[in-house]
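The stops below are to be selected one after another.

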Amino acid sequence: MSDLVFLAASFAFFFVAGLYVCGCQSLKGGGDND
Amino acid sequence: MTANGWLQIAVFFVLIFLSAKPLGLYMARVYERKKTWLDPVLVPIERLLYRVTGVDADAEMGWIEYGAAMLIFSCATLLLSYAIQRLQGVIPIPLLNPQHLAAVEPYLAWNTAASFTTNTNWQAYVPEQTMSYLTQMAGLATHNFWSAATGMALAIAFIRGIARRESKALGNFWVDLTRGTLWVLLPISIISALVLVSQGAIQNLKPYDTVKLVEPQSVTATGTDGKSTTTLVTTQTIAQGPLASQEAIKMLGTNGGGFFNANSAHPFENPTPLTNLIELLSMFLIPAAFCVTLGKMVSSPGHGWAIFAAMSVLWLAGVLTCYWAEAQPNPLLHGVDQRVAQMGAALSPGGNMEGKEVRFGVANSALWATVATDTSTGAVNSMHDSYMPLGGMVPLVNMHLGEIIFGGVGCGIYGMLIFVILTVFIAGLMVGRTPEYLGKKVQAFDVQMSMLYFLIFPMVILGFSAIAVLAPSFGTSSLSNHGPHGLSQILYAYTSAAANNGSAFAGLNANTHWYNATLAITMLAGRFLMIVPMLAVAGNLARKKIAPPSLGTFPVNSTLFAVLLTGVIVIVGALTFFPALSLGPILEHLLLRSGISFA
């Protein structure tokens with residue numbers, strides 16, 4: 001049971017990290033690359 | 001402090017200075033896929049690896065794709081480590097588990113998997129009593145290579161972001177990972193391991209030896225029923241294992257996880273003063289070379305050396321403070337026996353010898369503690385918990401600054417480059433111009449991501465430390481000392497985890513559900529949640545045009561720049577962590593001088 005919890009926790013962390021990537025990208029405004 | 005001690009410190013730094021340029025230029029060639037003398041051997045292996053794994057080595061990645069590949073790789077290797085630890089007791093290869101060690105407990109296994117994946121190598125266990133040879137080799141030593149090569153790949157991606165113009169790509173993560181491992185980490189590790197073996201480091205798969213003690217010892221222990229029993233101990237178990245191969249990459253990859261619990265204070269891990277020097281050099285070797293790699297790849301060697309200078313000044317300040325603090329006797333030890341060790345005698349310089357390996361002495365211990373926490377290594381050859389308060393504060397401060405004083409392999413230079421962006425931004429504000437960094441305008445998104453990078457770090461350290469300090473049942477119950485030293489123990493644990501250092505202040509029993517779980521989360525957050533904004537900055541910089549330098553451009557290869565950079569690093573670090581430090585080691589120092597200590 002514990003193994004499944006830690007498996008889920010690992011996936012959850014990296015899923016959140018993936019969302020975090022999207023969040024960072026969404027902060028990117030236009031006209032900022034000159 | 002002795003002249004001999006300072007001479008050894010000076011020799012160490014001169015060797016690092018001399019090695020930085022050749023290795024840095026070689027690394028630039030490796031990552032730019034130019035010819036090197038190892039190509040005839042390694043290119044066929046590289047091609048085979050790409051064919052087997054289906055990697056298109058010529059495909060370039062944007063920052064999101066690069067980051068996603070890194071996250072997927074890290075997740076997969078974390079789970080692999082976890083599985084090996086959980087299955088070590090049932091894998092039917094007796095040679096790889098001659099002590100018949102059972103499966104690692106789930107909380108500890110997850111903590112360890114997160115620890116080695118993030119290059120932290122925090123160890124809440126006694127390796128020789130917990131990990132089989134299979135786990136040491138396939139579950140942990142492999143991570144020493146992978147996590148180091150990942151850090152190096154990310155640093156190269158950041159440098160490409162600075163060097164490239166109007167590009168969406170930062171390179172290919174799989175290629176950078178492979179080339180860093182094959183061309184840089186493996187060859188140096190092989191040479192280093194052979195030298196370690198020649199000096200007495202072990203490399204075998206033997207069961208542990210049992211030997212007769214020359215002097216049998218009487219040991220008195222008190223049982224749970226309160227009764228004391230005295231036993232005559234006549235034998236000792238001497239742990240064995242494939243150590244030298246792991247030791248070499250442990251130091252070179254700035255990983256730091258010991259094969260044995262005593263880490264580099266163990267005579268098998270660090271047998272002679274020569275191995276001590278080699279291990280010290282291994283920690284700074286690649287991080288120092290990265291300054292030259294940066295200068296070469298961005299076509300501004302002076303910028304790389306300016307960063308090298310700023311790092312060197314901060315390193316010197318740390319080692320000077322630590323050596324000075326540890327060369328003093330502990331004022332609370334007034335006994336005659338202690339005075340001999342502490343105050344010095346004809347053949348001993350004295351100083352705070354508690355927790356020091358007498359083979360290495362105060363100078364090499366202070367140098368090691370500084371270097372291991374300037375970088376993300378975290379290996380120890382003396383016990384930091386036994387340092388004087390200000391001596392122990394040096395490792396803490398080194399980590400609080402973000403481990404950018406040479407830093408971990410790869411993560412040191414990209415952490416420093418985020419500081420560079422902040423410095424350039426502040427310099428731009430001072431003169432009222434849009435800040436530029438090597439011809440690229442530093443704009444809102446770059447600064448937002450840089451600030452995110454800086455804020456995550458103290459948030460996880462101070463947040464979890466505050467909870468632990470306020471929780472007697474699961475936080476302070478693990479402490480061996482109370483008062484300011486207890487705060488230092490907790491603060492050190494979360495700092496070490498977030499900075500991906502892995503050294504322990506000792507004294508704190510971290511093998512509990514609370515500490516195993518929260519330290520694992522801290523390690524993961526300290527690694528990956530800081531990498532993402534860093535990559536976002538790199539991706540954004542790569543897309544920009546390069547403007548030619550003008551009269552208003554702030555030169556980043558000048559002494560003024562190095563001074564300003566050093567100032568920004570100190571001010572940001574001091575402002576963030578000074579309140580916590582003042583309640584921990586600084587208060588402890590003042591109380592110690594007044595004759596007050598805490599049990």
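A residue is called buried if 20 or more other C-beta atoms lie within 10 Å of its own, exposed if 12 or fewer, and partly exposed in between, with C-beta atoms placed from the backbone. Residues are numbered from 1 along each chain as its sequence is written, and chains are lettered from A and ligands numbered from 1 in the order in which they are written. This is a predicted model, in which local features need a pLDDT of at least 70, side-chain atom pairs count only at pLDDT 80 or more, and totals for chains, interfaces and linings use all residues.

**Confidence**

The average for chain B is 91, and 97% of the residues score at least 70. For the complex, the predictor gives an ipTM of 0.86 and a pTM of 0.92.

Select chain A, which has 1 helix and 0 strands. Helices (H or I, at least four residues) and strands (E, at least two) are DSSP runs, numbered from the N terminus. Of the 34 residues in chain A, 21% count as buried.

Next, show the contact between the chains, to which chain B contributes 27 residues and chain A 18 residues. Two residues are in contact if their C-beta atoms, placed from the backbone, lie within 7 Å. On the chain B side, H3 (63-87), H4 (106-117), H15 (444-469) and H17 (513-543) each supply at least two residues. H3(B) gives the most, with 9 residues. This side of chain B comprises 18 nonpolar, 4 polar and 5 charged residues; Ala, Val, Leu, Ile, Met, Phe, Trp, Tyr, Cys and Pro count as nonpolar, Asp, Glu, Lys and Arg as charged, and the others, Gly among them, as polar.

**Two helix pairs in chain B**

Select H6 (residues 133-163) and H8 (residues 243-252) of chain B, which pack at an angle of about 25 degrees with their axes 8 Å apart. H6(B) is therefore roughly parallel to H8(B). Angles under 35 degrees count as roughly parallel, over 145 as roughly antiparallel, 65 to 115 as roughly perpendicular and the rest as oblique; axes are lines fitted to C-alpha atoms, for helices over the stretch in contact, and angles run from 0 to 180 degrees between N-to-C directions. The residues in contact include B:Asn144 and B:Phe145 of H6(B) and B:Ile249 and B:Lys250 of H8(B).

Move to H10 (residues 301-326) and H18 (residues 559-593) of chain B, whose axes are 9 Å apart at an angle of about 45 degrees. H10(B) is thus oblique to H18(B). Among the residues that meet are B:Ala310 and B:Val313 in H10(B) and B:Leu565 and B:Ile569 in H18(B). This contact divides into 9 nonpolar, 1 polar and no charged residues.

Select B:Ile404, in the loop between H13 (389-400) and H14 (411-431) of chain B. B:Ile404 counts as buried because 28 C-beta neighbours lie inside 10 Å. Not counting residues up to four places away in sequence, B:Ile404 touches B:Gly412, B:Gly415, B:Met416, B:Phe419 and B:Ile569.

Most residues other than glycine have a negative phi. B:Thr254, not a glycine, has a positive phi of about 45 degrees; B:Thr254 is buried, with 38 other C-beta atoms within 10 Å. Finally, select B:Leu438, in the loop between strands E3 (436-437) and E4 (440-441) of chain B. B:Leu438 also has a positive phi, of about 50 degrees. Is B:Leu438 buried or partly exposed? With 19 other C-beta atoms within 10 Å, B:Leu438 is partly exposed.

Note on methods
pLDDT is the predictor's confidence in each residue, from 0 to 100.
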